[in-house]
Amino acid sequence: MPKLKRERLKVLVRGAVQGVGFRPFVHRLATELLLDGWVLNSSQGVFIEVEGAPAVLRSFLLRLEKERPSRAVIQSLEPSFLDPVGHKRFEIRESDEGGEKTALILPDIATCADCLHELFDSTDRRFRYPFTNCTNCGPRFSIIEALPYDRAHTSMKKFPMCAECDREYRDPFDRRFHAQPNACPRCGPQVELWSDAGKILARGDGALEEAAGAVRSGRILALKGLGGFQLIVDATNEGAVRRLRERKHREEKPFAVMVSSLAAAQELCRISEMEERLLTSAESPIVLLQRKKEGQLALSIAPRNPNLGVLLPNTPLHHLLLHSLGVPVVATSGNLCNEPICIDEREALERLRGIADLFLVHNRPIVRHMDDSIVRVMAGRELLLRGARGYAPLPIEWQSEVGRQKSKTVLALGAHLKNTVALASGRNVFISQHLGDLENAQSYAAFLGSTADLPRLYDATPKLVACDLHPDYLSTKYAAELSAPVRTVQHHWAHVAACMAENELTPPLLGVAWDGTGFGDDGTVWGGEFLSVDAKGFTRTGHLRQFRLPGGDAAVKEPRRSKLGVLYEIFGGDELWQREDLLQDFTKSELTLLRQTLDKKINAPLTSSAGRLFDATASLLGIGSRASFEGQAAMELEFAVQSGVDESYSFVVREGSPLVVDWQPTILQIIEDLRSDQTRALVGAKFHNALAEMIVTVARRIEQQKVVLSGGCFQNRYLTERTIERLSEEGFRPYWHQRVPPNDGGISLGQVVAATMQE
Ligand code: ZN
Ligand code: ZN
Ligand code: FE
């Protein structure tokens, strides 16, 4: 835990929180906990800032939701832990009338308690109706075609309301007053069960029951959910889960599991109060939890993984299905690996043929696809890993001095993998939902859709386009086709800028951007970067020692190639090939070929990637000789780590500009430890600890107190928490991501910030 004496918690609460006694409640709670700060009503919702000890702030956050006035309904709650600004007392501030009047588009909101109650009340006219919703819950972003947000501008326009629904819609005292997707069994969308040939097998409740029966008997169900098709199988049925893996071509990447209730989640996992808050929140994301033991779940759900992604039902349709099933289900996006989720039933029949046995569909069109979001709790705070349903397209308010002075409309096109795009308008940066990997045609189409979508929805014309520095990225090429001037932004600088913006930081600071790969401004592959940031931009002040990656991108799937590159760098072109003990996972002919690649430096790019250094180490330890998804070996290396180890391997920081952090001693000591039969758990811990020490050492050298941690490597919980702890112990102030992913999903925000600073 960081040893900060005082922090500031900023919370924005959206929903039915005005005129229900919410501000007096916040005042009481803050005063009781002796917190300083303020609460304010604005057109966007209730803004709260409180300052105090971190543990008390966390308790404030939990009680804010648990003890809220009974009439208050929360549709979205956005907390960030920030540096204190020195609030002296607690006050209720005057309403902010001068704020921006932008009509915000809300994300899709999980079924509220009232609607859930009606769903299972046999006397209610919406008893077991899978599309019930109200002003407090239901679909939003996934059904909106244009603004203003009213029914005619949503995919509900094809369902004229019946007299009863219309009465509710017009009655200011009704919970469904102006609920745009309002519907009932008489007038609204309906479900059907289709065979894989598109033949209708059942309708309505019969379709639901039959679908549940099929899943119970081990079949794979394609379910048209809220933001697209999901594939559903019984999570306790090993054969069914394996079949899903085979058909989806998804070898080992963990599946998320949907359970019927919090209690059911508690049977599978250890759940902290913060995690419980996330699971049951209106955003209803997948929460990465620590699983208890194998339990009743199929082993192949998350092989060799101590964590489990869990989510609760978040639409009436999911509630009904899970209720009928009585077992947890795998709920994974309906696609082949790396494609975006499929949204149309006719298209689904095509694309999911051969994967799904049955299709549970409905006739409410999905306007834009929306995956499930993923979060985890790290270092006592929430960390978003994938932002989509429940989160997109709510803006990040960018408050830094730079943002205030120059608020240009900027469209940022994001990274190549895990793409999101962002639109900056005024002080808001709207970040799209997770769109996927752009090398995939369908993801690229979704990307094109979103770049057109965001400016249109917010009626903003981009004056500037920001994209990656990589000349060959599809997004970079697309930028050139747009009419606005283009600014390219180096990938790791974008990572750091994103983290800086969401933590409301101003330079100078030290940015640590560690990930798999990004195009450097010297034309090499970067990924283990230390960037000094000032008001004008960044300088590459240090990096991990470079090595050659034989086969380039092929190394992503084969961690042993990273190992070979690292060893080649250490031992050189002659000695390495004598070290057969280290090369046992290659055949003779493979080695001959790779030797040529390395000696001739053809298709063996230089990289300073921390992600690939993880891969190399994992490979030395015999973990994941082949990765079925990017970062798998690094992930398994993290899982192997033994806690409570304080020892660390050594390394050398070579003077120069930039500084070079040389991991050669680390790797040599690992080889030594393995020879003397030290456990993977110990070696893994010492390796992670060494990485944290590298960051501390460079921070000391640069003499920069603020240290910003970003990039995909900081999804690694051990590395992140250890680094935060060590930096804090040594008197530095570490910052990490909260509301924006540390992975490439955060790049679009960083591009906005960096491009604006360059102006
Ligand atoms: Zn509701
Ligand atoms: Zn109706
Ligand atoms: Fe990255």
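A: Accessible areas here come from the Shrake-Rupley method with a 1.4 Å probe. The structure is a predicted model. In this model, the protein exposes about 28,000 Å², and carbon and sulfur atoms supply 50% of that area.

Q: What share of the residues in the protein is buried?
A: A residue counts as buried when its relative accessible area is under 20%. Of the 759 residues in the protein, 63% are buried.

Q: Which residues of helix 1 are buried?
A: Within helix 1 (residues 22–32), the buried residues are Phe22, Phe25, Val26, Leu29 and Ala30. They cover an arc of only 125° around the axis, which puts them on the same side of helix 1.

Q: Against which elements do the buried residues of helix 1 pack?
A: Their partners are strand 1 (7–16), strand 2 (36–42), strand 3 (45–52), helix 2 (54–66) and strand 5 (90–92).

Q: Which exposed residues does the face turned away from the buried side of helix 1 carry?
A: That face carries Arg28 and Glu32. Helix 1 is followed by Leu34, which has a positive phi, near 60°.

Key. Residues are numbered from 1 along each chain as its sequence is written. Chains are lettered from A and ligands numbered from 1 in the order in which they are written. This is a predicted model: local features need pLDDT of at least 70, side-chain atom pairs count only at pLDDT 80 or more; totals for chains, interfaces and linings use all residues. Side-chain values use heavy atoms; hydrogens and water are left out. Buried means under 20% relative accessible area, exposed over 50%, partly exposed in between (1.4 Å probe, protein chains only). Helices (H or I, at least four residues) and strands (E, at least two) are DSSP runs, numbered from the N terminus. The arc is that of the directions from the helix axis to the C-beta atoms. Contact means heavy atoms within 4.5 Å.
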